[in-house]
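Hi,

Here is the structure I promised to pass on. Have a look at it first, and my notes follow below.

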Amino acid sequence: MQVVHKQVRVPFTSLDWSARADVTQALAERADAEREQGFDLACAPLLRLVLVRIAEQRYHLIYTHHHILMDGWSNSQLLGEVLQRYDSQALPRPAGRYRDYIAWLQGRDAQASETFWLGQLQSLEAPTRLAETGSRRCNRRWKAAMPATITT
């Protein structure tokens, strides 16, 4: 199941580090802290923004998001559109909206879709188990560390 919110408040932090002498180290530490904070998949949104002023006319944006939110292509599209807007460029009108896709899906013949997919999957002998299921709820949080060289 996927939940799509009409509106969500994106956590946004603005910092003025223009007077700091250790700005390069401080930015690296802040980026590490943002990465290590992780996300709760049950709580939208799965992204955060930190804008750090590092000089009179210079800023550093720390953009942190969970990989489940969007793939690399979508992330590139989003950041490209942000930069185009920032540069006052007009963006092309979107070809469609998510609600249009949902409406299209709801208009499909469910029986025909089921027949198609049953045919495609008939050679599989058993479901692919992605995770063990159980009645107990897991309250553990998992964290993964990424070297800074991968993300910078």
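Before the notes, one cut-off: a residue counts as buried under 20% relative accessible area, as exposed over 50%, and as partly exposed in between. By that scale Asp100, with a relative accessible area of 36%, is partly exposed. Its side chain meets that of Arg97 in a salt bridge (3.3 Å, N to O). Keep in mind that this is a predicted model.

Now the sheet. It is open and has three strands, in the order E1-E2-E3, with mixed pairing. E1 (12-16) and E3 (58-65) are at the edges with a single partner strand each, so one side of each has no neighbour in the sheet. From one strand to the next, the twist averages 15°. E1 runs parallel to E2 (residues 47-55), and five bridges join the two. Helix H1 (residues 23-37) packs on the sheet and touches E1, E2 and E3; the helix direction makes about 175° with that of E2.

On to the charged pairs: the structure holds seven salt bridges. One is between Arg48 and Glu34 (2.8 Å, N to O). Arg48 sits in E2 and Glu34 in H1, so this pair ties together parts that are 14 residues apart in sequence. Both residues, Arg48 and Glu34, are buried.

Arg20 and Asp22 also form a salt bridge through their side chains (2.9 Å, N to O). Here Arg20 is partly exposed at 35% relative accessibility, and Asp22 is partly exposed at 36%.

Back in the sheet, Asp16 stands opposite Arg53 in E2. Asp16 and Arg53 also belong to a network of salt bridges that includes Glu56.

Cheers

Terms used:
Residues are numbered from 1 along each chain as its sequence is written. This is a predicted model: local features need pLDDT of at least 70, side-chain atom pairs count only at pLDDT 80 or more; totals for chains, interfaces and linings use all residues. Side-chain values use heavy atoms; hydrogens and water are left out. Two strands pair if DSSP finds at least two bridges between them. Helices (H or I, at least four residues) and strands (E, at least two) are DSSP runs, numbered from the N terminus. Axes are lines fitted to C-alpha atoms, for helices over the stretch in contact, and angles run from 0 to 180 degrees between N-to-C directions. Contact means heavy atoms within 4.5 Å. A salt bridge is a side-chain nitrogen of Lys or Arg within 4 Å of a carboxyl oxygen of Asp or Glu. Buried means under 20% relative accessible area, exposed over 50%, partly exposed in between (1.4 Å probe, protein chains only).
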